[in-house]
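Me: I'm new to this one. Can you walk me through it, a piece at a time?

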Amino acid sequence: MVTLELLSMVGGLALLDTLSPATLGVTVYLLLTEKERLGSRLMIYLLTVAVIYFSVGVAFMLGLDVFLASFSSIFQNRIVSWAMLIIGGILFIASFYYPKSKKSDLPRPKSKSKTSMIALGFTTSLIEVGAAFPYFAAIGLMNTSNLSVFQWLPIMVGYNFIMVLPPLILFTLHLLLGRVMKRPLERLQIKLSKHSGSAVSWVMCIVGAIMIFYSLDYL
């Protein structure tokens with residue numbers, strides 16, 4: 001059943017997912033360096049990221065639905081709840097020791113053709129999904145709520161839209177303000193490069209806390 005509490009938690013996780021620096025970092029790089037066909041190439045890149053991210057989420061939802069068909073209350077099992085508590089605790093504690101990167105490890109395109117944008121979007125998606133703690137937490141919440149496909153599919157679409165919303169906002173501001181945005185974008189690029197590790201540690205901390213509190217209900 002879709003509840004306001006569920007939508008609030010999934011929406012919060014989606015906002016948390018926007019802290020991941022990879023997609024935003026590539027967007028800033030394109031805004032600063034691309035002069036021709038910026039709109040089409042950026043849209044191809046963001047669409048690739050969103051489609052792959054969405055496809056992975058749908059695959060997990062359908063796969064988990066099949067797996068949970070005969071084990072519908074698995075996440076309410078005390079053993080599973082203890083496992084969630086332990087994993088959440090590990091994420092929470094590990095977040096304080098996650099190494100802070102001093103150099104930028106954000107992906108950048110070798111060329112700016114449409115094919116390169118698709119390849120870059122695919123690469124970024126793998127990076128995002130590989131560290132997508134909020135995404136997997138949201139998928140887990142939707143599965144434990146026993147939602148039908150027609151209920152969780154719009155939520156999944158909304159989640160992915162929120163995830164690419166910051167790059168779209170930056171692109172809109174770039175179109176409206178032009179050169180005025182150059183200095184803020186350069187500063188943002190530097191911050192993203194220096195604090196990519198910090199963003200991951202914050203995500204680990206918050207998702208770990210969510211898993212801890214969510215598992216306590218069934219202990």
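What follows is a quick chat about the helices, the core and the surface.

Me: First things first, what kind of model is this?
Reply: It is a predicted model.

Me: OK. How many helices and strands does the protein chain have?
Reply: The protein chain has 9 helices and 0 strands. From the N terminus on, the order reads α-α-α-α-α-α-α-α-α.

Me: And how much of the protein chain counts as buried?
Reply: Of its 219 residues, 43% count as buried.

Me: Let's go into the core. Which residues touch the most other members of the largest nonpolar core?
Reply: Y45, M142 and Y159 do. That core has 41 residues.

Me: Which elements give two or more residues to this core?
Reply: They are α1 (4-17), α2 (21-33), α3 (38-67), α5 (114-130), α6 (133-144), α7 and α8 (182-194).

Me: Which gives the most?
Reply: α3 does, with 9 residues.

Me: Good. Now α2. Is it mostly covered or mostly open?
Reply: Mostly covered. 12 of the 13 residues of α2 are buried. They are P21, A22, T23, L24, G25, V26, T27, V28, Y29, L30, L31 and L32.

Me: What span should α2 have, and what do its end C-alpha atoms give?
Reply: At 1.5 Å a residue, the 13 residues of α2 should span 18 Å. The end C-alpha atoms are 18 Å apart, so the two agree.

Me: Tell me about P21. Why does it count as buried?
Reply: P21 lies in helix α2. Its relative accessibility is 8%, and the cut-off for buried is under 20%, so P21 counts as buried.

Me: How far is P21 from Q189 in space?
Reply: 9.6 Å, C-alpha to C-alpha. In sequence, P21 and Q189 are 168 residues apart.

Me: And A22, buried or exposed?
Reply: Buried. A22 is also found in helix α2, and its relative accessibility is 3%. The C-alpha atoms of A22 and T123 are separated by 9.8 Å. Along the chain, those two are 101 residues apart.

Me: Switching to α6. How many of its residues are buried?
Reply: 10 of the 12 residues of α6 are buried, so this helix is mostly covered. Among them are P134, Y135, I139 and L141. M142 is buried in α6 too, and M142 is one of the core residues that touch the most other members.

Me: What about the span of α6?
Reply: The 12 residues of α6 should span 16 Å at 1.5 Å a residue. The end C-alpha atoms are 17 Å apart, which agrees.

Me: What comes just after α6?
Reply: N146, with a positive phi of about 55 degrees. N146 is a residue other than glycine. Its place is in the loop between α6 and α7.

Me: On to α7. How many residues does it have, and how far does it reach?
Reply: α7 covers residues 149-177, so to speak, with 29 residues. From its first C-alpha to its last, α7 reaches 41 Å. That is close to the 42 Å expected at 1.5 Å a residue.

Me: Where does α7 bend?
Reply: At L165, by about 45 degrees. A proline, P166, follows within four residues.

Me: Which residues of α7 are buried?
Reply: W152, I155, M156, Y159, N160, M163, V164, P167, L170, F171 and H174. Y159 is another of the core residues that touch the most other members.

Me: And just after α7?
Reply: G178 takes a positive phi of about 60 degrees there.

Me: Which residues form the nonpolar patch on the surface?
Reply: F161, L165, I169, L173, L176, L177 and V180. Together they have about 650 Å² of accessible area. L165 is also where α7 bends.

Me: How exposed is F161?
Reply: F161 sits in helix α7. It is partly exposed, with a relative accessible area of 47%.

Me: Last one. What about M43?
Reply: M43 is found in helix α3. It is partly exposed, at 33% relative accessible area. M43 and P167 are 124 residues apart in sequence. In space, they are 9.8 Å apart, C-alpha to C-alpha.

Key: Residues numbered from 1 in each chain as written. Predicted model: local features only at pLDDT ≥ 70, side-chain atom pairs only at ≥ 80, totals over all residues. Heavy atoms only, no water. Expected span 1.5 Å × (residues − 1). Bend = angle between axes of the 7 residues up to and from the residue. Buried < 20%, exposed > 50% of the residue type's maximum accessible area, 1.4 Å probe, protein only. Patch = residues over 30% accessible without salt bridge, like charges linked within 9 Å, V, L, I, M, F, W, Y side chains within 5 Å. Areas by Shrake-Rupley, 256 points an atom, 1.4 Å probe, with all protein chains shown as cover. Salt bridge = Lys/Arg side-chain N within 4 Å of Asp/Glu carboxyl O. Core = buried A, V, L, I, M, F, W, Y, C linked by side-chain atoms within 4.5 Å.
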